[in-house]
Amino acid sequence: VLEAKMTETLDDIAKEGEFMAIAQMRFRMSCPDDVVPPAEKAKDKAEFLRIVKEHNNVHVYDAVCQELSWKPDESVRQPMLEANQAKLKELEDKILDAEENLGENEVREAMVVKAQFLSRIGDKDKALEAFSTAESHPKTTTGQKMDILFSVIRIGLFWRDIDLVKKNVEKAKVMIEEGGDWERRNRLKVYEAMLNLAVRDFKKGALLLLDSVATFTATELFDYDAFIFYAVTTSVLSLDRKTLKTRVIEAPEVLQVIHKNPALQQFLNSIYDCQYKEFFQALVDITDALKRDRFLAPHARYFIRECRVVAYHQFLEPYKSVRLPSMAASFGVGVEFMDRELGDFVSSGRLSCKIDKVSGIVESNRPDCQNSLYQQTIKQGDLLLNRIQKISRVITI
């Protein structure tokens with residue numbers, strides 16, 4: 001019995017992983033041809049249709065047909081609709097049988113199976129309703145409620161319903177403190193990290209991903225290689241060099257898989273080794289990968305800009321001044337481009353330096369942190385004294 005249950009669990013994870021994978025295919029097929037070539041879109045379409053037919057994901061098929069202006073094929077739709085109706089009737093009969101002849105636990109399990117089925121065929125509204133019913137069942141334990149929340153979060157991630165994801169992540173965080181186990185705590189970190197990536201909180205997302213590097217089990221979302229890609233890219237953007245070395249570059253789990261992605265490896269190592277020309281070259285390849293990824297594509301332009309800021313800041317930090325042609329050569333770009341690029345970042349307050357166009361020199365203008373803290377202390381002290389004086393007058397009266 002235990003072996004059968006373990007096999008069933010592994011099958012569920014595999015099916016869920018395949019279902020989440022079609023969301024990525026769906027996104028790639030919607031990308032412009034200069035991001036995803038037509039030949040790759042054709043492969044994605046063939047694989048998408050194979051999975052949809054295999055699992056009868058009729059609602060996903062309908063959504064993609066509408067988004068990509070495909071003409072729905074009734075010879076594909078009708079068998080899926082008939083199969084889903086038959087399966088749904090079978091599941092509802094099992095719930096009725098459990099209510100009449102079995103115990104409360106069997107009723108709850110039958111409810112969850114129905115909800116999972118509705119989720120996998122892409123019927124979002126009915127799936128959410130079914131999961132809510134299963135969660136409110138009196139025999140549902142905290143761990144089982146957590147699993148239901150994970151399923152609901154996956155629905156939100158699949159359909160990119162950020163409000164649904166945010167609501168249920170917060171709910172799960174409260175629940176996990178009431179008695180969640182180690183495995184579910186680690187899975188929640190990955191789910192929360194993907195929410196942070198979706199809302200462009202890369203630093204928090206990177207730290208959560210790094211906390212899960214050695215304990216990653218959320219294969220229903222994506223495989224380990226994709227997980228490492230998210231962890232490395234967000235870490236380069238968010239972490240200081242010391243933390244980047246100890247938690248990413250020297251992490252055995254990262255070292256085991258990063259060689260599979262040479263561009264990602266170059267992207268990580270070149271910024272730490274101050275090889276800025278190589279970093280910019282790798283950034284081009286990483287940008288192409290970002291534009292194909294449904295979680296990071298909306299932030300691709302922001303990501304590229306912030307990576308350049310990180311590199312420029314790191315380059316200028318040890319220098320009081322540096323020649324503009326020398327800096328341009330270090331990054332493998334033209335002097336005019338470097339002058340224009342630095343000017344934009346300086347004017348927007350992203351870099352603390354000034355450019356002497358006549359002499360062709362960039363002078364660092366690092367803020368005096370000690371003086372800034374001193375001025376801030378005086379300002380806050382004045383506010384505190386004013387409040388104390390107001391309170392003393394009230395007390396005197």
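Reply: Start with the patch rule. A nonpolar patch takes residues with over 30% relative accessible area and no salt bridge, and joins nonpolar side chains within 5 Å. Keep in mind that the model is predicted.

Me: Which residues form a nonpolar patch on the surface, and with what accessible area together?

Reply: Leu384, Leu385 and Ile388 form the patch. Together they have about 290 Å² of accessible area. One of them, Leu385, sits in helix α19, residues 369-396.

Me: Why is Leu385 called partly exposed?

Reply: Its relative accessible area is 49%. Buried needs under 20%, and exposed needs over 50%. Leu385 falls in between, so partly exposed is the label.

Me: Why does Gln24 count as buried?

Reply: Gln24 has 18% relative accessibility. The cut-off for buried is under 20%, so Gln24 qualifies. This residue lies in helix α1, residues 2-30.

Me: What is Gln24 in contact with, leaving aside neighbours within four places in sequence?

Reply: Arg292, Asp293 and Arg294. Contact here means heavy atoms within 4.5 Å. Gln24 and Leu157 are 133 residues apart in sequence, and their C-alpha atoms are 11 Å apart in space.

Me: How do you know that the span of helix α7 agrees with its number of residues?

Reply: Helix α7 covers residues 142-158, which is 17 residues. The expected span is 1.5 Å times one less than the number of residues. That gives 24 Å, and the end C-alpha atoms are 24 Å apart, so the two agree.

Me: What makes α7 mostly covered, and what follows it?

Reply: In α7, 13 of its 17 residues are buried. Arg160 follows α7, with a positive phi near 55°.

Me: How does the span of helix α9 check out?

Reply: Helix α9 has 17 residues, 182-198, and should span 24 Å. Its end C-alpha atoms are 25 Å apart, which agrees. α9 is mostly covered, with 13 of its 17 residues buried. Arg200 follows α9, and its phi is positive, near 70°.

Me: What makes strands β2 and β3 a pair?

Reply: Pairing needs at least two bridges. Strand β2 (residues 353-356) and strand β3 (residues 361-364) are joined by 4 bridges, so they pair. The strands run antiparallel. Ile355 has Val362 in β3 as its bridge partner.

Me: Which residue takes a positive phi in the hairpin of β2 and β3?

Reply: Gly360, with phi near 70°. The hairpin has 4 residues between the strands.

Methods:
Residues numbered from 1 in each chain as written. Predicted model: local features only at pLDDT ≥ 70, side-chain atom pairs only at ≥ 80, totals over all residues. Heavy atoms only, no water. Helix = DSSP H or I, 4+ residues; strand = E, 2+ residues; numbered from the N terminus. Buried < 20%, exposed > 50% of the residue type's maximum accessible area, 1.4 Å probe, protein only. Patch = residues over 30% accessible without salt bridge, like charges linked within 9 Å, V, L, I, M, F, W, Y side chains within 5 Å. Areas by Shrake-Rupley, 256 points an atom, 1.4 Å probe, with all protein chains shown as cover. Salt bridge = Lys/Arg side-chain N within 4 Å of Asp/Glu carboxyl O.
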